[in-house]
Amino acid sequence: YLADTHPGLFSEVKKLWEPAYQRRLRYYTVQDNAPNPLKDLPENQFSCIVAYDFFNYKPIPIVEKYFRDCWKLLKFGGGMIFTYNDCDQQAGTLNVENGFACWQPKRKIIEILEDIGFHVVFSGDYLGSLSWLEVVKPGKLQSIRGGQAVAEIRSLG
């Protein structure tokens, strides 16, 4: 599943994969102003959600809506990894002052996540300008599926 705010944003990403793989992907357009922006995605089905350079440009109330929807999408024990603009760092504050990103202090982001029920398992910063959090939904991740088959059985004879 891939989600973004405008269908046109998928065009470059689609070029990265062969047509056979493209047919397996599902593209979803989300709207920040919707009460539940991720409502069209299946609940309790995701082991991992990755949001890179997506939340950085959204105000905290919008980010909180996405976090609450992600909670619904994740399986118990599932995790989420995302970047954000940490305004507890000087570089994050400069991003806001220069109009590059939204105000998102780490302490507030963690407060929201913990209020929802997430556990923060890792916090990373690269030179103060790239900040990310890794969080999990409590529980034990279980699956009845193995890996997807990407091979072909051939006779050796």
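This is a predicted model: local features need pLDDT of at least 70, side-chain atom pairs count only at pLDDT 80 or more; totals for chains, interfaces and linings use all residues.

Reader: Which residues touch the most other members of the largest nonpolar core?
Author: Phe55, Phe67, Met80, Phe82, Ile109 and Leu113, out of 27 residues. A nonpolar core here is a set of buried Ala, Val, Leu, Ile, Met, Phe, Trp, Tyr and Cys residues joined through side-chain atoms within 4.5 Å; buried means under 20% relative accessible area, exposed over 50%, partly exposed in between (1.4 Å probe, protein chains only).

Reader: OK. Which element gives the most to that core?
Author: α3, with 7 residues. Helices (H or I, at least four residues) and strands (E, at least two) are DSSP runs, numbered from the N terminus.

Reader: And what does Phe82 touch?
Author: Among others, Phe55, Phe67, Ile109, Leu113 and Trp132, leaving aside residues up to four places away in sequence. Contact means heavy atoms within 4.5 Å.

Reader: Switching topic: where does Asn44 sit?
Author: In the loop between β2 (27-29) and β3. Asn44 isn't a glycine, yet its phi is positive, about 55 degrees.

Reader: Buried, exposed or partly exposed?
Author: Asn44 is partly exposed, at 39% relative accessible area.

Reader: What about the phi of Asp53?
Author: Positive too, near 60 degrees. Asp53 lies in the loop between β3 and α3.

Conventions:
Residues are numbered from 1 along each chain as its sequence is written. Side-chain values use heavy atoms; hydrogens and water are left out.
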